[in-house]
Amino acid sequence: MTGDAQGALAAAGVDDFRSKTALQQPTWPDSAALERVTERLTQVPPLVFAGEADVLRDQLAAAGRGEAFVLVGGDCAETFAEATADRIRNKIKTILQMAVVLTYGASTPVIKIGRMAGQYAKPRSADDETRDGQTLPAYRGDIINSSAFTPEARIPNPERMLDAYHVSASTLNLMRAFTQGGFADLRRVHAWNRGFTANPAYARYEQMAMEIDRAVRFMGAAGGDFDALKTVQLFSSHEALLLDYERALTRIDSRSDLPYGCSAHFLWVGERTRQLDGAHVEYLSRVHNPIGAKLGPTATGAEAIALAGKLNPDNIPGRLTFVARMGADKVRDALPALVESVRDAGVEVTWLTDPMHGNTFTSVSGYKTRKFDTLLDEVTGFFEVHAALGTIPGGLLVELTGDDVTEVMGGTEEIDDEGLARRYETKVDPRLNHQQSLEMAFLVAELLSQRDGNQSIPLELL
Ligand code: PEP
Ligand code: MN
């Protein structure tokens, strides 16, 4: 980008975050390398187009009104090594299958967002990690350092931001190819299920796929137009944690002359970095993407209202999403006051539930894990709270993978503490595997079909 463009961005306030406190940032040891990389990143093509972000904003606004439901899914932390065609395809397939279950099961359009193509930076509760008496800097995500437990691997390396950009670009390319190129055609719903071993979630999915086939054939016989079934839109998202990277990928939209974060369509600020006067909130307040803010059990109504005032001063529907991550044991106590205050203040917001991050614990055998039933309990609580207040439960954010990992306990295959060791691969938080993701979708479809205004199709008929 030219100096002029950087001047326009600065004039639009996108550098103002630099005078604020930025938590969870690496200390780059080589500042010349940092300068070189960020300069390069200001020149590369944007990963997303501002117009796409606008489309998503309007869709999120619809979800906020209860006219659609949002599904955000993907890894806690993507890794460069796992950005392979197979793994990306499996993840996309999982999200699409969940979306089909929700769409058909609850007669609701589903807005699909991958926690993909950029989810490479992680906030950590401790700066260091100790193993067998050796203490090293914590792994902060592939965009910063390597998870290998050696002193060299843990040194923050700015060159990794360029790798993150390129791996994001190739991931996004595949996301676009699969969703636009025929793979996501609704007439292939059966094909997405092939290759998986028999189990209750897949059998139920197969049953639903048959119903959908029948409905599609009926529509065809009745002269229906199938163009809408051929492609789907799958947006990208990640936590906008690493500000050097986000700032370098900020662009002025040629149509509107407004700044957009062009690393992903949807960006969010995490529970640990959402301070009102902090650098992350400042940065996000300046870009025009749809954005999210995580809210944990200690968040107050006044805080949420102040955040909305800063992040969405014009109260534009779809601009701001609050992602509640309370914990199953707290959601019914902590969420009502928050939702009520926000509602009473007239704040336009789309509410999502993240049932993952308030429900993590260490198993007896020493794995960081979550229990499937607890996750479902938090989602249920989220729907109950909104039903009681007459507000809209707008969507679900889950950490998932398309592979058969064993990281979350429970589900119909009953992964127990011993079972976790079979295939525990996550670098940070435990993810639903493919089958658990589908099970979650069926259960959430039941909750969603009871949501006010949704036409309910009893699931036993599907
Ligand atoms: C996450 O989404 O992986 C995360 C760190 O969440 P939170 O900010 O809610 O803790
Ligand atoms: Mn996580």
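**Notebook: residues and a ligand**

I started with glutamate 414, which counts as exposed at 61% relative accessibility. My scale here is relative accessible area with a 1.4 Å probe and protein chains only: buried is under 20%, exposed is over 50%, and partly exposed lies in between. Glutamate 414 sits in the loop between strand E14 (393–399) and H13. I take helices (H or I, at least four residues) and strands (E, at least two) as DSSP runs, numbered from the N terminus. The phi of glutamate 414 is positive, about 50°, although this residue is not a glycine.

Ground rules, for the record. This is a predicted model, so I note that local features need pLDDT of at least 70 and side-chain atom pairs count only at pLDDT 80 or more, while totals for chains, interfaces and linings use all residues. Residues are numbered from 1 along each chain as its sequence is written, chains are lettered from A and ligands numbered from 1 in the order in which they are written, and side-chain values use heavy atoms, with hydrogens and water left out.

Next, confidence. pLDDT is the predictor's confidence in each residue, from 0 to 100. The protein's mean is 94, and 97% of its residues reach 70 or more. I flagged residues 455–462, where pLDDT stays under 50 and the model has 19 contacts beyond four places in sequence. Where pLDDT is low, predicted coordinates should not be read in detail.

Glutamine 24 lies in the loop between helix H1 (3–11) and helix H2 (31–41).

On to ligand 1. Around the ligand (a heavy atom within 4 Å) I listed Cys76, Arg115, Lys122, Pro123, Gly270, Glu271, Arg272, Lys294, Arg325, His357 and Glu399. That shell divides into two nonpolar, two polar and seven charged residues. In this sorting Ala, Val, Leu, Ile, Met, Phe, Trp, Tyr, Cys and Pro are nonpolar, Asp, Glu, Lys and Arg are charged, and the others, Gly among them, are polar.

A polar side-chain atom of arginine 325 is 2.6 Å from one, a polar backbone atom of glutamate 271 is 2.8 Å from one, and an N or O atom in the side chain of histidine 357 is 2.9 Å from one. Taken alone, ligand 1 exposes 300 Å², and the protein buries 97% of that. The areas are Shrake-Rupley values with a 1.4 Å probe; for residues, only the protein chains shown count as cover.

Leucine 56 came next, in helix H3 (residues 50–64). At a relative accessible area of 0%, leucine 56 is buried. Beyond four places in sequence, leucine 56 touches Ile111, Ile113, Phe235, His265, Phe266 and Pro290; contact means heavy atoms within 4.5 Å. Its C-alpha atom is 8.3 Å from that of isoleucine 111, 55 residues apart along the chain.

Glutamine 435, in helix H13 (residues 434–449), is buried at 5%. Its side chain makes a polar contact of 3.3 Å with the side chain of asparagine 199. A polar contact is a pair of N or O atoms within 3.5 Å; within protein, one must be able to donate a hydrogen and the other to accept it, and residues adjacent in sequence count only if both atoms are side-chain atoms. Methionine 219, in helix H6 (residues 200–221), is partly exposed at 35%.
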